[in-house]
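Here is a short briefing to read alongside your viewer. Please have the model open as you go through the points.

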Amino acid sequence: MLKTRIRRAALSVHLNIAEGCSRRSVAERRRYFEIARGSVIEVDTAIDIAEQLQYVELKSIEHLGALIISCFKQLTGMMSARNE
């Protein structure tokens, strides 16, 4: 079930970025990017829970932390850049 949630949230990131890029209104684009950023946090939280429940070892997922931070920062930048 946790694996399914992670996959769904990760897919949501991509789909909301795509949807946001198709919007003409700055406010609408920003809203979709905010939703995508929330899904990034959901992935991060689910991975933390998986580690706490000992479903995965920290060694095997350490690299994901940097990727999640990078994705969050990129989305934040997209929100700022689109705020014209």
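With a relative accessibility of 41%, cysteine 21 is classed as partly exposed, a label for values between buried (under 20% relative accessible area) and exposed (over 50%), using a 1.4 Å probe and protein chains only. This is a predicted model, in which local features need pLDDT of at least 70, side-chain atom pairs count only at pLDDT 80 or more, and totals for chains, interfaces and linings use all residues. Residues are numbered from 1 along each chain as its sequence is written, and side-chain values use heavy atoms, with hydrogens and water left out.

- Cysteine 71 is in no disulfide, and the nearest cysteine sulfur, that of cysteine 21, is 12 Å away; a disulfide here is a pair of cysteine sulfur atoms within 2.5 Å.
- Cysteine 71 is also partly exposed, at 24% relative accessible area.
- Zero disulfides turn up in a search of the whole structure.

**Helix H3**
- Helix H3 covers residues 58-81, and its 24 residues reach 35 Å from first C-alpha to last, close to the 34 Å expected at 1.5 Å a residue; that expected span is 1.5 Å times one less than the number of residues.
- Helices are DSSP runs (H or I, at least four residues), numbered from the N terminus.
- Ile61, Ile68, Leu75 and Met79 are the buried residues of H3.
- These buried residues of H3 pack against helix H1 (2-21) and helix H2 (26-52), where contact means heavy atoms within 4.5 Å.

Methods. Helices (H or I, at least four residues) and strands (E, at least two) are DSSP runs, numbered from the N terminus.
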